Amino acid sequence: MLFIALFMLLSAGISFVSGMDSAFYPLLLASLLTALLGAFPLIFVERTQQITNKEGFCIVVGSWLVACLVGMFPYLIWGGEFSLVNAWFESVSGFTTTGSTILNDIEVLPRGLQFWRMSSTWIGGMGVVMFALLILPSLGRNKMTLSSVELSTLAKDNYRYRTQIIVQILLVVYVGLTVLTTVLLKMAGMNWFDSLCHAMSACATSGFSTKNASVAYFNSPMIDTILIFAMATAGIHFGLIYATVTGKRNNIFRSEVTRWYLIMLLGGGLLIAVSLFAANIYPTFSAAFHHALFQFVSLVTTTGFATADSNQWTSFAVILLIFGSIVCACAGSTAGGIKTNRLVLAMKMMRTRLRQQQHPNAIIRIKLDGVIQENEALHSVMIFIVAYLMLILAGTVLGTMFGVDLMTSFSGSVASIGNVGPGFGQVGSMDNFSSVPGVFKISSSLLMLLGRLEIFGLIQLFFIKWWR
């Protein structure tokens, strides 16, 4: 909360520099309230030397929930379109890097509040707890307990470092990519404020924009290309990016998962481009490929920026975009979704099943990036995929119960649990969640939290009293 309060204060500073706009006092008051709440535990709660796994789960899930709650303060105090439900939705969407919004007019927001939206999503991109590990005093084994909840098992497979080094890797890659993207966007024609905001959003794979028309507002192929690079890079395992930059052997070019991920991006973009060009939606194939690649990369990486209204695209293109929204990028990145890692393992498990039927006595081991996968890990992959699809079904059914059309309910649920942002129908790439019922907004925000905490991290909280 103290860290979040610092960013609220920074946002208030942006308001002050911008002529003390209408967000200055709401942000300043929100910062003071959040800092006050964050200071209470430091004063009244005794320090502990070690924490249990049970306490670790409570701390991680509690951190996310509290972050989303205090993140509502600036919105509620400022007012406008932010009712209680809308403020909760916007805050959860920011911290979980989903990028969905209830705002019909983003550009009416003062600069300070716009910067706070970007700050919440940038903090969430790294993970509230991973940020907390940077500023907490030395906790010994406690750091490993916390990070084991925050990072998925698949994400940790390539992290052959101590937890402290993991945090440093995340910070170096994340901040470095944000700075690089900011400078490139400024060189491409954006002003410094828009450059920083869109860089923070792209590197967090969020999709929050300062413009109502998202990236389409700028109408610049150069800006689109820079953002494609930033989004695609942010969807790769951060440990592999760090290893590549530092010249280590275990790098992007040797990663099987990264290879499949990049093939999926290029292949999906190409197929969608062919579909759009054949349907005469774009006059040239290069224009069709440009928009198709941007939109597909944006959804696969769970960023959610838009350069076109994908509701107007062909059914084939929509199906591929939904597929990308379900699978998403790599474990160990800021992206959500099932992850390319799990898709690759699921395909290998199906292939192994077929081979075992042909050769019943054969012992076949499944490898990923040269590492033999234990049966427990493979079992976890299948359980996760089944739970993921069941939650999408539950969100879809709930939406239709309250009058939301099928496409909006389904794609909205997919976009929420995958932390993608835009769906189709009423929540398309050029639309928002303002028109859907409050119940669907609440269920979607729950799906966002479930997706960000890898489903079982949040579910465990409800069964905490049965833990040994």
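Which residue forms a salt bridge with E374?

**Figure 1. A salt bridge between D194 and K211.** In this predicted model, the side chains of D194 and K211 meet with a nitrogen-to-oxygen distance of 3.8 Å. D194 belongs to helix α11, which covers residues 192-203, whereas K211 sits in the loop between α11 and α12 (221-234), so the contact ties together parts that are 17 residues apart in sequence. D194 has a relative accessibility of 6% and therefore counts as buried. K211 is also buried, because its relative accessible area of 15% falls under the 20% cut-off.

**Figure 2. A salt bridge between R342 and E454.** The closest N and O atoms of R342 and E454 are 2.7 Å apart. This pair links distant parts of the chain, 112 residues apart: R342 lies in helix α17 (residues 340-358), and E454 lies in the loop between α20 (438-452) and α21 (456-459). R342 is buried at 7% relative accessibility, and E454 is buried at 15%. Salt bridges with shared partners join K339, R342 and E454 into one network.

**Figure 3. A salt bridge between E374 and R365.** The partner of E374 is R365, and the closest N and O atoms of the two residues are 4.0 Å apart. R365 is partly exposed, with a relative accessible area of 47%. In general, side chains of opposite charge can pair when their charged atoms come close. A search of the whole structure finds 6 salt bridges, including the pair of E374 and R365 shown here.

Conventions
Residues numbered from 1 in each chain as written. Predicted model: local features only at pLDDT ≥ 70, side-chain atom pairs only at ≥ 80, totals over all residues. Heavy atoms only, no water. Helix = DSSP H or I, 4+ residues; strand = E, 2+ residues; numbered from the N terminus. Buried < 20%, exposed > 50% of the residue type's maximum accessible area, 1.4 Å probe, protein only.
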